[in-house]
Amino acid sequence: METPAYTVSELMACVFSRDMQDGERGGIPGVRSEVPLASAGLAVRHHAPNATIFSPSGPVAAEQLVMTGTTTDYERTTGVASMIALDEIFDLIHRGTFDWWFAGGMQIDQYGNINLVGIGDWKRPKLRGPGTAGIASENFVGRILVWINEHSPRMFVKKVDFVSCAGHGPHDRKALGLRGGGPYLVVSPLAVLDFEKKSGRMRLRSVHPGVTVKQVQENTDFELIIPENVPTTPPPSDEEITILRKQVDPLGILREEELYG
Amino acid sequence: MAGTNKVMSLKEAISVIPDGATVALGGFLLQNKPMAATREMARQRKRGLFVICAAPSSLDIDLLAGAGCVARAVVQSISAERFGPTMPNFRKGVQDGTIEIVECDQGMVVAGLTAAKKGVPFIPTMAGLGGDFPKVNPDWFKIMQDPFFGEPALAVRAMKPDFTLIHTLLADSEGNAQHIGWPANDRLACLAADRVIVTTEEVVPRQVVAAQPTRTVTFAYNVAAVAAVPYGAYPTACQGRYRYDEEAIRDYIAAGRGLAFERYLEKHVYGAPTQAKYMESIGIGRFLKVQTGREC
């Protein structure tokens, strides 16, 4: 079957969507959240109609999981049956309500520690980032789904300059009081990665179509765990692309980039 | 006092804020941001402010930073969503060391404001556990042991605003202010504050807000001022009235990136002493467009 041309953001949305199970409770953040919103919108239409999706403003019905400009647009706070204030959404996160929630990052290390604060010394950073947003709270959800917009040695680093969200090491998660599952899936423009249970280190799960294992390792500043056979990330199916473009992203926000395939 | 008329000009409303005050900003990112209020603070050349971003913030704190008003800030996320991953003046202020940071997760800001609301000196939270926050701000955050079961928690010191600034769709003259969209963190930010300054699209009779009391996010007892400022959230959105102006947001960021920000301030802030003059400096068509979604 011929696969349609797609953008990397569309592929990333499909990868996350496939990880979301029917009946789960998940959350999309309020900041820089195009791919998360699209993937949740795709999942509820494609295979997870009974998933409960929250945005920072509360539960979002499937018909509102449509990309407008930003996640907290008025479109997602009208016609809802209930709304939640910002303090209450954090109550729900901390008490373990959610199976998954999304996190972005400007640096991620081999254990999945994520930095959104800045590059360099904290007091006088070379580059001040946006800030942690809510990702430090996500260590109380089941799976943290991490999307990274650029796969390069400056993003995939040996050690993050600031820990916004703690990963799987070198610390003991239990001793830190972290009750959630931690970073679970990392999707970049080159590959899908996850974490080896025993060592807590990042592992290559699949490379996107046209990308080599060597390329991924070269663009990563630490040594990845690379299994003997690394599959190719399945490209978006016809059905996924149709749902994405017709129902989730009619404005084409995810298509504002180069097409592949 | 019940029934007190607190309606005044924006200039008068903002004039009560002294230099060095702790000021919380309401809204969320590009929604319901108190932009007219921050422009007025810049005009009045407030200095040494301690700004608490009650929720992720954007042009509001950035304009204050660019105008030299900010000494310290409680922040969790400063950006303009996909229009700008970081904000230029705030970023520069932090990089240059002129703005001191209290580094937070949104859950930690919630905890700090909740402690202030409750009148307790600190509150334990799960937010921030595992992160570097207590390392960089030990005066604000400490790892503590739950006294009952011994589990770790993060103690967050109370964050008490002298003033909270919010922008709403409606308010009555006493200061009962309402959103029809998402209130974000406005209710908590108002309950935590000593005093609240409301800017609003429209001052309405009391019976209008009384028809839907659950929408009210303020409690008139601590509202110090109500200023009617149509388009007071522009270029961010006022939910239920107008969208954010993408073009104006991009123009703002471009001005902040270069040497043009002084000119931006001169044109749209210092040289535009009222909301009417500000709107003239932008062009009336832009306001109609964000309200109607088309050229008018």
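How many residues does the contact take from chain B and from chain A? I get 53 residues from chain B and 52 residues from chain A, contact meaning heavy atoms within 4.5 Å.

Ground rules before going on. This is a predicted model, where local features need pLDDT of at least 70 and side-chain atom pairs count only at pLDDT 80 or more, while totals for chains, interfaces and linings use all residues. Residues are numbered from 1 along each chain as its sequence is written, chains are lettered from A and ligands numbered from 1 in the order in which they are written, and side-chain values use heavy atoms, with hydrogens and water left out.

**Interface**

I looked up the area buried between chain B and chain A: about 4100 Å², with 58% from carbon and sulfur atoms. That is accessible area (1.4 Å probe) lost by two parts on being put together, summed over both. On the chain B side, B:E81, B:R82 and B:W182 lose the most, together 17% of what that side buries.

Next, charges. I find three salt bridges between the chains, each needing a side-chain nitrogen of Lys or Arg within 4 Å of a carboxyl oxygen of Asp or Glu. B:R82 turns up again here, paired with A:E256, their closest N and O atoms 3.8 Å apart.

Which elements of chain B each supply at least two residues of the side that touches chain A? I note helix 4 (88–96), strand 4 (100–103), helix 5 (106–118) and helix 6 (133–136); these are DSSP runs, helices being H or I of at least four residues and strands E of at least two, numbered from the N terminus. Helix 4 gives the largest share, five residues.

**Helix 4 of chain B**

I checked burial next (buried is under 20% relative accessible area, 1.4 Å probe, protein chains only). B:P88, B:N89, B:F90, B:G93, B:V94 and B:Q95 qualify. These pack against strand 9 (127–128) of chain A, and within chain B against partners including helix 9 (246–257) and helix 10 (261–270). After the helix comes B:G97, with a positive phi near 80 degrees.

**Cores**

I took a nonpolar core as buried Ala, Val, Leu, Ile, Met, Phe, Trp, Tyr and Cys residues joined through side-chain atoms within 4.5 Å. The largest has 132 residues, and B:I17, B:F90 and B:F141 touch the most other members. Helix 5 of chain B gives this core its largest share, seven residues. A second, separate core of 33 residues includes A:V35, A:V44, A:L65 and A:L254.

Last entry: beyond its neighbours within four places in sequence, B:I17 contacts B:V23, B:M41, B:K46, B:L49, B:F163, B:L165 and B:I197.

Definitions and conventions:
Buried means under 20% relative accessible area, exposed over 50%, partly exposed in between (1.4 Å probe, protein chains only).
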